[in-house]
Amino acid sequence: RKNWMFSETPRGAESSAIYYSMIETAKTNNISPYAYLNYILTNRDLLKGEEREIKMLFPWSRSAKESCSIK
């Protein structure tokens with residue numbers, strides 16, 4: 001709860017909410033949050049691609065699970 005104290009602007013709070021949501025979604029899909037964030041940032045050029053390429057970044061996609069699964 002105290003993490004929200006450092007969101008000085010609405011934009012900062014929104015960014016924090018997105019970040020926390022990504023981490024919790026990774027945990028729910030049984031993949032490492034650190035590895036998942038690294039996977040997204042490494043493959044961020046796919047975000048400019050077609051819908052098929054963007055779906056590869058979802059935490060429940062086969063490529064994300066193979067790259068980021070908790071061993």
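How far apart are the mean positions of the positive and negative charges of the chain?

1. **Charges.** The answer is 7 Å. The chain carries 11 positive and 8 negative charges. Keep in mind that this is a predicted model.

2. **Fold.** The secondary structure is helical: four helices and zero strands. Reading along the sequence gives the pattern α-α-α-α.

3. **Dimensions.** The C-alpha trace spans about 35 × 30 × 15 Å along its principal axes.

4. **Burial and surface.** The chain has 71 residues, and 23% of them count as buried.

5. **The core.** In soluble globular proteins, nonpolar side chains tend to be buried together. Here, the largest nonpolar core holds nine residues. They are A26, I31, Y36, Y39, I40, L46, L57, A64 and C68. Two elements, α2 (33-42) and α4 (62-68), each give two or more residues to this core. The largest share comes from α2, with three residues.

6. Find I40 in the structure; I40 belongs to the largest nonpolar core. Leave aside residues up to four places away in sequence, and I40 touches M22 and L57. L57 is also a member of that core.

7. **Contacts across the sequence.** Which share of contacts joins residues at least 24 apart, among those between residues at least 6 apart in sequence? For this chain, the share is 38%.

Note on methods
Residues numbered from 1 in each chain as written. Predicted model: local features only at pLDDT ≥ 70, side-chain atom pairs only at ≥ 80, totals over all residues. Heavy atoms only, no water. Core = buried A, V, L, I, M, F, W, Y, C linked by side-chain atoms within 4.5 Å. Buried < 20%, exposed > 50% of the residue type's maximum accessible area, 1.4 Å probe, protein only. Contact = heavy atoms within 4.5 Å. Lys, Arg positive; Asp, Glu negative; His and termini not counted. Charge placed at Lys NZ, Arg CZ, Asp CG, Glu CD.
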